[in-house]
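Open the model in your viewer and keep the selection panel at hand.

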2 protein chains.
Amino acid sequence: MNNNKMKIVETLQDLKITLPGLNRPLGFVPTMGYLHEGHLSLVRRAKKECTSVVVSIFTNPTQFAPDEDFENYPRDIKRDLDMLNSEGTQLVWIPTAESMYPENYQTWVDVEQVTKLLEGRYRPDHFRGVTTVVSKLFNAVQPDKAYFGQKDAQQAIVIEQMVRDLNYQIDIVVCPIIRESDGLAMSSRNTFLSNPERQAAVSLSQGLLMAETAYQKGERMADNLRQIVSDRIQAEPFTDLQYISCADPSSLQELSGKVDDCLISLAVYVGNTRLIDNVICRENSS
Amino acid sequence: MNNNKMKIVETLQDLKITLPGLNRPLGFVPTMGYLHEGHLSLVRRAKKECTSVVVSIFTNPTQFAPDEDFENYPRDIKRDLDMLNSEGTQLVWIPTAESMYPENYQTWVDVEQVTKLLEGRYRPDHFRGVTTVVSKLFNAVQPDKAYFGQKDAQQAIVIEQMVRDLNYQIDIVVCPIIRESDGLAMSSRNTFLSNPERQAAVSLSQGLLMAETAYQKGERMADNLRQIVSDRIQAEPFTDLQYISCADPSSLQELSGKVDDCLISLAVYVGNTRLIDNVICRENSS
């Protein structure tokens, strides 16, 4: 029988002692904390599909470049724990950076091709940090299923590639993007937006929705789909479009001419805050 | 209850189905086949310490350079299976190269510093292949303990580093070198030696034994220890010394001047066959 009280562990040793007490199947939700409804949707899905749910909170330094926002990434562990407790999480693992990357640390997991495109073009070491830390978390927690958000579309594809390539016996479940009422994709980084930036930020999801609607009405030219999104975003102040992509949803190769299924994804600076969002358009989607 | 008959599986799917039927703790011995008493000593140690023993046989292409002996690496699966059956192995996994490295394979596990020295200087991509395949084998088999031979001294250190860095919940057990009656370290590659080369090859272990004896009698100068080994080997025909190292047994950093504990290791071509061997000298060893 499970103890109903949520357990919180910090060290790998305590994790190792606690895990065998959790009933299988075990669902795992890795997070960087500062949780929002997007994260909670993963926890709820894991609760639905698994007997036990483990959540990790770790703002992973190795996936941030030196000029990125690691130091300022929002943190509120107490609020996170309250939220996870309310959701009926069995175990929360909060490792320290010193224990995850001790002196003499020197091992990296690298997925080669699919990390070079899209986000990888602008954040060259980002995915190496992601795959390394996810590998470490997987090895420590040994879950049956792990839950990731479609918001980080490329991350989900990279993790799926890693799991396949490295023979991980873990099912990867990718869950839909959760949005604010006006459409803005939930993100811990939204907290950085000033009021006028927040208003401008709605153009990302609106642009994607306009492209999706055009696709549903028959628009199939990759250039036009990209243009619809960028026109909408560039009509707003504070926005600086880094990329807008219309790519193959599996290989992430950029598409040209007439497309079938496609992933339309983007990265945009709104003020100093870099936001991403995406939509998948499928021929046969209802 | 275990079925006493040894099971043999090829696919990851069959492995996944078979593993839950094995009682824990589970010991794992990864091999490249063409088994000898060195491998069997690992299996026996695993039998002693674990309830179930899984052996993999996979000549891993990614740890061979294009000019190395992958194509000619000796293979005799039938003989291997007979030997493993006699030892009471529960499960043998024989994956195919196509299933381990399918089209679009693109993930690598890389241990950085400790792979750059010794063997890594002469075989630059070797350890990336080793750590990647061992990671794949570990993820698939999920053992409690895994057994490696001291014969590949650096490999054992690299694997221990990887296990520590990537949070693998696996105990690594390193077992002593098993030698022929004249001292030659057992190796699948010994089968390549002609009779006169086989005679010359004994100089490797003899040189190391002479250095170890000198160490025990008080010799502590790294240069002298290296010289004792190389003098003995270079006195033989057919031998071409690639390196002889006297290094820190943990960091593998080459030592100079007066040493304490040290790993004396070497790689020597005997004819066309590259052989390695080593001995650890410790101040406090009995």
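Helices (H or I, at least four residues) and strands (E, at least two) are DSSP runs, numbered from the N terminus. Two residues are in contact if their C-beta atoms, placed from the backbone, lie within 7 Å. Axes are lines fitted to C-alpha atoms, for helices over the stretch in contact, and angles run from 0 to 180 degrees between N-to-C directions.

This is a predicted model: local features need pLDDT of at least 70, side-chain atom pairs count only at pLDDT 80 or more, and totals for chains, interfaces and linings use all residues. Residues are numbered from 1 along each chain as its sequence is written, while chains are lettered from A and ligands numbered from 1 in the order in which they are written.

**Stop 1**

Strands count as paired if DSSP finds at least two bridges between them.

Pick out E9(B), residues 262–270. E9(B) and E10(B) are joined by 9 bridges in the antiparallel sense.

**Stop 1: the parallel sheet of chain B**

Stay in chain B. Here 6 strands make an open sheet, in the order E1-E4-E3-E2-E6-E7, with parallel pairing. The edge strands are E1 (7–9) and E7 (171–175) of chain B, each pairing on one side only. Neighbouring strands are turned by 25 degrees against each other on average, direction ignored.

E1(B) and E4(B), residues 91–93, run parallel and share 3 bridges. Ile8(B) stands opposite Val92(B) there.

Next, show two helices. H6(B), residues 126–141, lies across E2 (26–31), E3 (52–57) and E6 (145–149) of chain B, at about 150 degrees to E2(B).

**Stop 2: chain A as a whole**

Select chain A. Chain A has 9 helices and 10 strands. Its C-alpha atoms fill a box of roughly 55 × 40 × 40 Å along the principal axes. Of contacts between residues at least 6 apart in sequence in chain A, 69% join residues at least 24 apart.

**Stop 3: where the chains meet**

Show both chains. The contact takes 24 residues from chain A and 24 residues from chain B. On the chain A side, H1 (12–18), E5 (107–111), H6 (126–141) and H7 (153–165) each give two or more residues. E5(A) gives the most, with 5 residues.

Zoom in on E5 in both chains. E5(A) and E5(B), residues 107–111 of chain B, run antiparallel and are joined by 5 bridges. The bridge partner of Asp110(A) is Trp108(B).

Why do the copies meet through the same surface? Because 100% of the interface residues of chain A are also interface residues in chain B.
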